[in-house]
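Please find below a colleague's note on the model under discussion. The comments are set out as numbered points.

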Amino acid sequence: MALSPILHTILTTSVSAPSPKLPPSISSPQRFPFLTKPLRPNAFNLSTSSSAPDQKWRVNVSFFPAFLNKGKDAKVLKQDLLDCIAPLDRGADATPEDQQRVDQLASKLEAVNPTKQPLKSDLLNGKWELIYTTSKSILQTQRPKFLRSSTNYQAINVDTFRAQNMESWPFFNQVTADLTPLNARKVAVKFDYFKIGGLIPIKAPGRARGELEITYLDEELRISRGDLGNLFILKMIDPSYRVPV
């Protein structure tokens, strides 16, 4: 079930194998000396000399560029994702092909997630703005555009495990929830109070529950996936904000 269907909000060893037998025509070590010459143990030494084996240099070249470019790759992936979702009106204008492309880019970014235990990270604290989702209930695509919420926010407090979802114009609805960690990055969500128009409190029904997994987190971007398979992408707008008690 959706996280907030009533107000259309989100909480946003090795195995030894026998050596193959070489044909007689190439079995002589004198004809292929590199087959019997082991690599030197200091494989990552960048110093070179005229007598250094070519294989040693190839090991160095293949390792260090990948290591040095790891951060750059994540930055490029994030920018590709932001560029892809920018014209999609938070997902309301996304075609199935657009959704597939966004999901692929999100999955690549999730694979280099720098925060392995987001529920223990202060980066989660604060107010986030939803910039993309596949949730139809949140996008409210069945309504005319002037009756849709123009912006959705979500605030999370890691220290109290409280969350708050907020809609902007034209309704300003809100909902608060308790979070129960299921593991280092997944929570069960139990909504407790809705505020109609941000003013009138109404106790949430018992069925207002869900789950949310945080699959990517850094200081400016968060990716989450809900229990119905919906994708949520949010950007940080106020790290000092805290859910009201």
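1. Basis of the note. This is a predicted model, in which local features need pLDDT of at least 70 and side-chain atom pairs count only at pLDDT 80 or more, while totals for chains, interfaces and linings use all residues. Residues are numbered from 1 along each chain as its sequence is written, and side-chain values use heavy atoms, with hydrogens and water left out.

2. Confidence. The mean pLDDT (the predictor's confidence in each residue, from 0 to 100) is 79 for the protein, and 71% of its residues reach 70 or more. Over residues 1-69 the pLDDT stays under 50. For that segment the model has 88 contacts (heavy atoms within 4.5 Å) beyond four places in sequence.

3. Overall layout. The protein has 4 helices and 9 strands, these being DSSP runs numbered from the N terminus (helices H or I, at least four residues; strands E, at least two). Along the sequence the pattern reads α-α-α-β-α-β-β-β-β-β-β-β-β. Of the 245 residues, 40% are buried; buried means under 20% relative accessible area, exposed over 50%, and partly exposed in between, with a 1.4 Å probe and protein chains only.

4. Record annotation. An unreviewed UniProt entry lists "domain: Plastid lipid-associated protein/fibrillin conserved" for residues 77-193 and 204-235. UniProt positions are given in the numbering used here, feature names are shortened, and annotations may be inferred rather than shown by experiment. In the model, residues 204-235 are 0% helix and 62% strand, with the end C-alpha atoms 27 Å apart.

5. Strand S2 and its partners. Strand S2 (residues 152-157) has 5 of its 6 residues buried, so it is largely enclosed by the rest of the structure. S2 pairs (DSSP finds at least two bridges between paired strands) with S1 in the antiparallel sense over 4 bridges, and Glu129 has Tyr153 in S2 as its bridge partner. With strand S3 (residues 162-167), S2 forms 6 bridges, also antiparallel; here Gln154 is bridged to Asn165 in S3. The S2-S3 hairpin has 4 residues between its strands, and Phe161 in the turn has a positive phi of about 50°.

6. Strand S7 and its partners. S7 is joined to S5 by 5 bridges in the antiparallel sense, with Glu213 in S7 as the bridge partner of Lys186. S7 also runs antiparallel to strand S8 (residues 221-226), again through 5 bridges, and Ile214 has Ser224 in S8 as its partner. A hairpin with 3 residues connects S7 to S8.

7. Nonpolar cores. A nonpolar core is a set of buried Ala, Val, Leu, Ile, Met, Phe, Trp, Tyr and Cys residues joined through side-chain atoms within 4.5 Å. The largest has 23 residues, and those with the most contacts inside it are Leu124, Leu179, Val187, Val189, Phe191 and Phe232. Two or more residues come from each of S1, strand S4 (174-181), strand S5 (186-196), strand S7 (209-217) and strand S9 (231-238), with S5 giving the most, at 4 residues. Another core, of 17 residues, lies apart from it and includes Leu77, Leu81, Ile85 and Leu105.

8. Asn113. This residue lies in the loop between helix H3 (96-110) and strand S1 (126-133). Is Asn113 buried or exposed? Asn113 counts as buried because its relative accessibility is 5%. Its side chain reaches the backbone oxygen of Thr115 at 2.8 Å. Leaving aside neighbours within four places in sequence, Asn113 is in contact with Thr215, Tyr216 and Leu217.

Notes:
A polar contact is a pair of N or O atoms within 3.5 Å; within protein, one must be able to donate a hydrogen and the other to accept it, and residues adjacent in sequence count only if both atoms are side-chain atoms.
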